[in-house]
Amino acid sequence: MDTILVVNAGSSSVKFEIFSVEGEGRLSRQIRGQMDGIGSRPRLRASGAKCEPVADRAYLLEAVPDVPAAMDLAGEWLRDELRIRPIAVGHRVVHGGPDYDQPMLIDRSVVARLERFSNLAPLHQPHNLSPIRSILASDPTLPQVACFDTAFHRTHGALADHYAIPHQLHAEGVRRYGFHGLSYEYIASTLPSVAPDIAKRRVIVAHLGSGASMCAIDQGRSVESTMGFTALDGLPMGTRPGQLDPGVVLYLIAEKGMSAAEAQSLLYHECGLKGLSGISNDMRELQDSTDPRAAFAVDYFAYRIALNTGMLVAAMQGVDGFVFTAGIGENSAKIRAAIASRLAWLGVSLDEAANAENRSLISQPDGRVPVYVVPTDEELMIARHTLSLLVRAT
Ligand code: ADP
C-alpha cells in the first residue's frame with residue numbers, strides 16, 4: 001500500500017499523519033500521531049483510522065532531546081513496527097515568503113531559500129524546517145514537499161498586501177501575508193460539495209481555534225485576511241492579542257524596559273483569552289467558568305470577530321456566505337450564536353436547533369447570509385498537495 005507521511009513540526013512537538021493512497025488518488029487517513037514533550041517529557045501517542053489508540057509510550061529526555069530525534073524515533077516506529085514506508089513526505093511550513101504561492105518539491109536550494117524566511121517567523125519556521133533537513137540527510141531520495149500557510153493568500157492585491165510604511169520595508173518582505181492558508185484552501189476546495197450555493201461567491205471563513213483568523217474568499221480565491229506580517233495580528237486568540245496599536249509594543253520596550261524577547265513572549269504567550277480572563281486560554285474552560293472575567297473574554301472574542309467581519313465585507317463589497325471552522329468554530333454553538341447575534345444587521349440569523357446540533361447549514365432558510373459549519377483538514381490538504389506534486393514529477 002502506498003502511503004504519504006504528513007509532518008507538522010513545532011518547537012516541542014511533532015505531529016504526523018499517514019494517509020494511504022487509494023484508487024483514483026483518493027487519500028484515506030490511517031494513523032494520526034504526535035511526539036510531544038520534546039526536550040522535557042517526551043511521549044509518543046498515536047491512533048488509527050477509527051481513532052483507536054495504537055501507541056502511547058514515554059521516553060527518557062536524553063532519547064528525544066530535539067525535533068530531529070523525535071522525527072527519527074517516529075520514523076523508526078512507523079517503519080519497524082507498522083511496516084510503513086511512505087512514498088513521500090508533506091510538511092507544513094508556516095512561511096513561503098513573498099514568492100511561493102503554491103507547494104514546492106524540496107531540494108537543498110529550496111531549503112536554503114526557506115531558511116531565509118526564518119526571521120519572518122522565528123517561532124515556527126526553524127522548527128518546520130528541522131525535520132526536512134534531517135530527512136534530506138538520512139533519506140535524500142525520498143520526495144519531500146513544503147506546503148505553506150501563506151501561499152493561499154498570495155492572490156491578494158497590492159492594497160491588501162501593504163502596510164503604510166516606506167516602500168523599502170515592503171520590498172524587504174514586511175507585508176501582510178496572512179496565515180492559516182492550508183485551512184482556508186481546504187475549506188475553499190470542499191465548498192462546492194458541502195455548500196454549492198456559495199462556493200463560487202463571496203464567502204467569509206472564520207478559522208477559530210487556539211490560533212484564530214478570518215479570510216475573505218471571492219470565487220475560491222483569498223482576497224483579504226485578518227492576519228498580516230505575523231500570526232499575531234487580527235483576532236484575539238488563545239494567548240495572542242490580535243490587532244494591537246504598535247504604540248503598545250513601543251510602550252512595553254521604552255517604558256517597561258522589556259527586551260524584544262520579553263515583549264515577544266508576552267505577545268505570543270500571555271495575551272488573548274488568557275490575558276483578558278486571567279483564567280485560561282481554553283475556550284471550553286472559559287465557557288464553563290462563572291467568573292465575570294471569563295464572560296468578558298468570550299464577549300470580547302465575539303465582538304472582535306464581528307468587527308473584523310465588517311472589514312472583510314468591505315473588502316469584497318458584500319458577502320454571500322459565512323463559514324465557521326476549527327476547534328471553536330466547529331464545536332461551540334454558543335460562540336457561533338454570540339457572533340451571529342452581532343451580525344444580525346448583515347442579515348445573519350441562525351436556526352437555533354441546527355446550530356445546537358453542529359449541523360452543516362445552521363442559518364434560517366430566510367436569512368440573507370447562509371451560515372455553514374465546515375470541519376477543516378489541513379493535513380489532508382498537505383497530503384493532497386504532496387501526492388499531486390509527486391504525480392507531476394514522475
Ligand atoms: P489548534 O489546532 O489551533 O491548536 P483547535 O482548532 O484544536 O486549535 O482549537 C482549539 C480551541 O477549540 C480551544 O480553545 C478549545 O477550547 C476550543 N474547543 C474545542 N472544542 C470546543 C467546544 N466543544 N466548545 C468550545 N470550545 C471548544
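Strand β2 (residues 14–21) pairs with β3 in the antiparallel sense over eight bridges. Here, strands are DSSP runs of E with at least two residues, helices are runs of H or I with at least four, and both are numbered from the N terminus. Two strands count as paired if DSSP finds at least two bridges between them. Val21 stands opposite Leu27 in β3. The model is predicted: local features need pLDDT of at least 70, side-chain atom pairs count only at pLDDT 80 or more, and totals for chains, interfaces and linings use all residues. Residues are numbered from 1 along each chain as its sequence is written, and side-chain values use heavy atoms, with hydrogens and water left out.

Strand β3 (residues 27–36) also runs antiparallel to β4 (residues 43–47), joined by five bridges. Arg32 has Ser47 in β4 as its bridge partner. The two strands form a hairpin with six residues between them. In this turn, Gly37 has a positive phi of about 70 degrees. Strands β4 and β5 (residues 53–58) are antiparallel, with five bridges. Arg43 stands opposite Ala58 in β5.

These strands belong to an open sheet of eight, ordered β5-β4-β3-β2-β1-β6-β8-β7, with mixed pairing. Its edge strands, β5 and β7 (104–105), each pair on one side only. Helix α3 (residues 125–138) lies across β1 (3–9), β6 (88–93) and β8 (144–148). Contact means heavy atoms within 4.5 Å.

Another open sheet has five strands in the order β11-β10-β9-β12-β13, again with mixed pairing. Strands β11 (221–225) and β13 (371–373) each have a single partner strand, so one side of each is left without a neighbour in the sheet. Strand β12 (residues 321–325) pairs with β13 in the parallel sense over three bridges. Phe324 has Val373 in β13 as its bridge partner.

The largest nonpolar core holds 57 residues. Such a core is a set of buried Ala, Val, Leu, Ile, Met, Phe, Trp, Tyr and Cys residues joined through side-chain atoms within 4.5 Å. Buried means under 20% relative accessible area (1.4 Å probe, protein chains only), exposed over 50%, and partly exposed in between. Leu208, Phe301 and Phe322 touch the most other members. Helix α11 (residues 292–316) gives the most to this core, with 10 residues.

Methods: Axes fitted to C-alpha atoms, helices over the stretch in contact; angles between N-to-C directions.
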